[in-house]
Amino acid sequence: MYRKFLLYLSLMLLLTDFVRGQEADTQRFTFSMHQISLHEALERIRKQTSYSFAYNPRRINLQKKIDIQVKDVSLQDLMEKLAKASGTAFRIIGKQIVLTETGKVERMTVSGFIRDVRTGESLPGATVYIPDLQTGTACNSAGFYSLSLPRGDYELTFSSLGYIPQTQTVRTTQNTVCNVRLKTNIAQLNTVVIHAGNTQSALQHLHAGTLQVNPESLTAMPDIGGEGDLVKSMQSLPGIQVYSDGSAFFYVRGGNRDQNLILLDDSPIYNPAHLFGFYSVIVPDVIKGMSIYKSGFPVETETRLSSIIELQTKDGNYYRPVFHAVLHPLIYRFSVEGPLVKEKSSYYLSFRHSNFRWLYHAKSPNTNIYLYDLNAKINLQLTRKDRIYLSLFAGKDWVAPNKNSSVRWDNRLVSLRWDHILNTKLFFRLVSNISSYEYQLGLGKYRWTSGIKSLRIKAMLNYFMRPWVRINGGYSLVFQEFAPGTFNNDYFRAITQRLSRENALFISSKIDLTTRWQLEAGLRMPVWQDYGGKYFFRFDAQHHLQDTVFTKPDKAYFTSVKMDPRIGITYQTGTHSAFRFSYGYYHQYVNLITHSTSPFTAFEVWLPAGQNIPPQAASQWTLGWSRLFPERGIECNIELYYKQLYHQILYKDHAQLLLNPLIEGELRQGKALAKGIEISLQKKRGTFTGRLNYTFSHTALQSPEVNGGKAFVPFYDRPHDFSVFLQWNSSPRFRISANFIYYTGSAITTPVAFYNYHNQQVPVYGDKNNDRLPDYHRLDIAFYWRLNKKDDNRYRHSLSLSFFNVYNHRNPISVNYNKVKTQNGKYVIPANYYRDNTYLTTGMSLLGIFPSLTYKFSIR
């Protein structure tokens, strides 16, 4: 019975195919089509034949114009005519016709640069989208793009964050250069207008754990001290937490602050803080592009475990000289930019200096506090295919309470870059830079100094193979010199300097598998070596000094070879939504050694991975979902992350890190687990815009030698982090913005009991970080007026008034248990320990309400 059923079913299927074949042969068709698109021709055939079509729109040019004149022909003859006219192949399967590319499709390349129409600045990360093929690409960091397309006519849509999209028609009869200049969306600088033409492109270029930020949008946020601050402004972004008021420390997805890498024109900045964090060294007006990677780190950069922040400084105006100035009671800044050769080469120069002296000079004439930074950049077009860039940065802080003590730290870097277009599909870049950070503490004639220096060389190739295939690869070499601490006093033994070298090969590719599926995969292969004619200490399992090992100058005494893979997948569930997934395994070889959580100390030591410090490692899984609402200009993003961290640096109780040549014996190794969910809702269009972010997260550290082997939360663990930024553009000349922040108080260690000893209260401590500071919250408000009536005036000036912490909430940054209350109501540390003192719990907060009035002007 079973065999008879199979035989009957097979006969029925064969009969069905035979009838369909006869039907296709017996039906006759007449068509007269002249210079119509292939898409329209397929629609006409579908309606008359009831046959459906299947094809990959990224491989078939649906807008190609064709001519078909047939009369009383079969479907087979009709499709042969259409295939010949359109350059395709076909196959009839049942009631479906499958169209494919022929093996001899001739392709031409469309390439060029996307720039700002007003200044000529290139726009890194700008996108090019072809609606007819449902594909596109993104510009590299030089604003260069390349697309390989079949012959035909196409509409290309160009867009970038904060700019008005532009559509151009391109005919690919030969390789074509199409340079585009986009207009700024003045009404909404933080907006990219989303419409049906570029919604698909926006989804294709969303990546898990990655944020593309227009720096100009952050200048609308209320500032403190007269200058917008990129580091503090990042607190309004999901998954990024700032230490507290007046701090440039930040933490990303459960990682410590040394697990963040800030790159300014491909050069690292090791300390982003001015005045212990009251300001940061990054000025938003100097930056033209900002990419924040919280996962899926690019293979071409040195790896950190938590975030990589890439910043590109402005090239300078290519068309006309422009002078800018910012005036504030506490700080001032001047910048000038303009063309060296109009439309070909330009320069940019910015200088900022503090103006604090009037605050303290009358009461403390021997005090000296100042900061400054300098940004400079020139770019020269050598040929139509060659351009070089030279960037300089220097920042310095000096804090001297009196003539006998001082604190100084500075960042310096110089970066040289050569961009070369090998052909329409290949883009080559060579970068070399030097970066240094030094900290110095002065006590009378004595100086304690620590720092880190590095030299980098990187060669990279971008291959725009197809619109749906892009490959990047290259090689990098990094030399680093670590100065953990020297003291100009023979009584103290200096910590030996360390020399390290990292060689790395890297490759990555991005492939659009279908109109819905995109795949990114990459591999970084670092080889880390410590070498030099110095010595290092060897410790036993109990961290006791075991031996001193002297090394030869040209011999590596520690080598680590790793493989760091990463993968990302995007699936578009529709025209307005997509799921994103990423996984990566990373290693970090540079470590910041400090057990202080306060931003008001710079006792920091940088050490490389080596014999006593294994490389830190982390694996991170990220899953995200995005939904665009084009008609309302709204974007919703949700991301979940799960991160495991290994070889995390912890410290023994009462660790001695200053002037300790055996500093590595003070360290302990542990592991960490970080997980959370980030929710972001943005309104990007209209007179009323804003964003809402909420993060729920948990981080736990554990080491068998810390806290009795029990897991504990680190200082920067904050389960709830909520922020709202709102902006109302009431007119082109006036806007109001408000920023509200709330997060769970930081973890601290508090006494679990007290006992009396010689009439003194002595605290008893239990588990590490067993308590929390009170929850943090504040509201900032800013008002902006453009004083000139027309925006196109050669002289532009504006006034901004901001209020930091409007309702004057005192957010404590520390808690003490060693003070008593005097008769006049002050809280002090007692000087007489022989009397019966009752210690009180006191807290210290930094900033209450802080008004700020800033005047800006520019002349062009």
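**Overview of the chain.** Residues 24 or more positions apart account for 65% of the contacts in the chain with a separation of 6 or more, a contact being heavy atoms within 4.5 Å. The model is predicted, so that local features need pLDDT of at least 70 and side-chain atom pairs count only at pLDDT 80 or more, while totals for chains, interfaces and linings use all residues. Residues are numbered from 1 along each chain as its sequence is written, and side-chain values use heavy atoms, with hydrogens and water left out. The chain holds 7 helices and 56 strands, which are DSSP runs (helices H or I, at least four residues; strands E, at least two) numbered from the N terminus.

Phe323 is partly exposed at 30% relative accessible area, as is Phe334 at 34%, where partly exposed lies between buried (under 20%) and exposed (over 50%), with a 1.4 Å probe and protein chains only.

**Close-up of charges over rings.** Arg115 lies over the face of Tyr318, 5.5 Å from the ring centre, and the charged end of Arg627 sits over the ring of Phe629, 4.5 Å from its centre. Such a placement requires NZ of Lys or CZ of Arg within 6 Å of the ring centre and within 35 degrees of the ring normal.
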